[in-house]
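Open the model in your viewer and keep the selection panel at hand. The stops below go from one selection to the next.

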Amino acid sequence: MQTGRRIDWATMLLNLRSKGLSLRRVARASGIPFTTLSGWQNLGREPLYSTGDEFINFYCGALKVGRDHLPRC
């Protein structure tokens, strides 16, 4: 498990987009509001723990990767 580096939420969203998932589609599929995701991508905001954990689960399932492959910054 990596420590000391923050998860790069914007890169996670870009990775999903590269797989054909628009931000609106990610919002619908994950249950996380579009405006929340947009804030992560465009404004550098970070999620609350529970929302972030929910999104990580979605991301890992959508891209078929483990938590140890999350982009970090």
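Start by selecting Leu-13, Arg-17, Leu-21, Ser-22, Leu-23, Val-26 and Gln-41, which line the largest cavity. On a 1 Å grid over the protein atoms alone, a cavity is a set of points where a 1.4 Å probe fits but cannot get out, and lining residues have an atom within 4 Å of a point. This is a predicted model, in which local features need pLDDT of at least 70 and side-chain atom pairs count only at pLDDT 80 or more, while totals for chains, interfaces and linings use all residues. Residues are numbered from 1 along each chain as its sequence is written, and side-chain values use heavy atoms, with hydrogens and water left out.

The volume of the largest cavity is about 50 Å³, taken as the space filled by probe spheres set on the points, which are joined across faces, edges and corners. The count is one cavity of 30 Å³ or more. Helices α1 and α2 (23-30) each supply at least two residues of the lining; helices are DSSP runs (H or I, at least four residues) numbered from the N terminus. By class, the lining has four nonpolar, two polar and one charged residues. Here Ala, Val, Leu, Ile, Met, Phe, Trp, Tyr, Cys and Pro count as nonpolar, Asp, Glu, Lys and Arg as charged, and the others, Gly among them, as polar.

Next, keep Gln-41, which lies in helix α3. Leaving aside neighbours within four places in sequence, Gln-41 is in contact (heavy atoms within 4.5 Å) with Ala-10, Leu-13 and Leu-23.

Past the helix, select Gly-44, whose phi is positive, near 70°.

Finally, show α1 (residues 9-18) with α4 (residues 49-63): their axes come within 11 Å and cross at roughly 30°. Axes are lines fitted to C-alpha atoms, for helices over the stretch in contact, and angles run from 0 to 180 degrees between N-to-C directions. On the α1 side, select Trp-9, Met-12, Leu-13, Asn-15 and Leu-16; on the α4 side, Gly-52, Phe-55, Ile-56, Phe-58, Tyr-59, Ala-62 and Leu-63. This contact has 10 nonpolar, two polar and no charged residues.

Methods:
1 Å grid on protein atoms, 1.4 Å probe; cavity = no way out; pocket = protein on both sides within 12 Å on 5 of 7 lines; lining within 4 Å.
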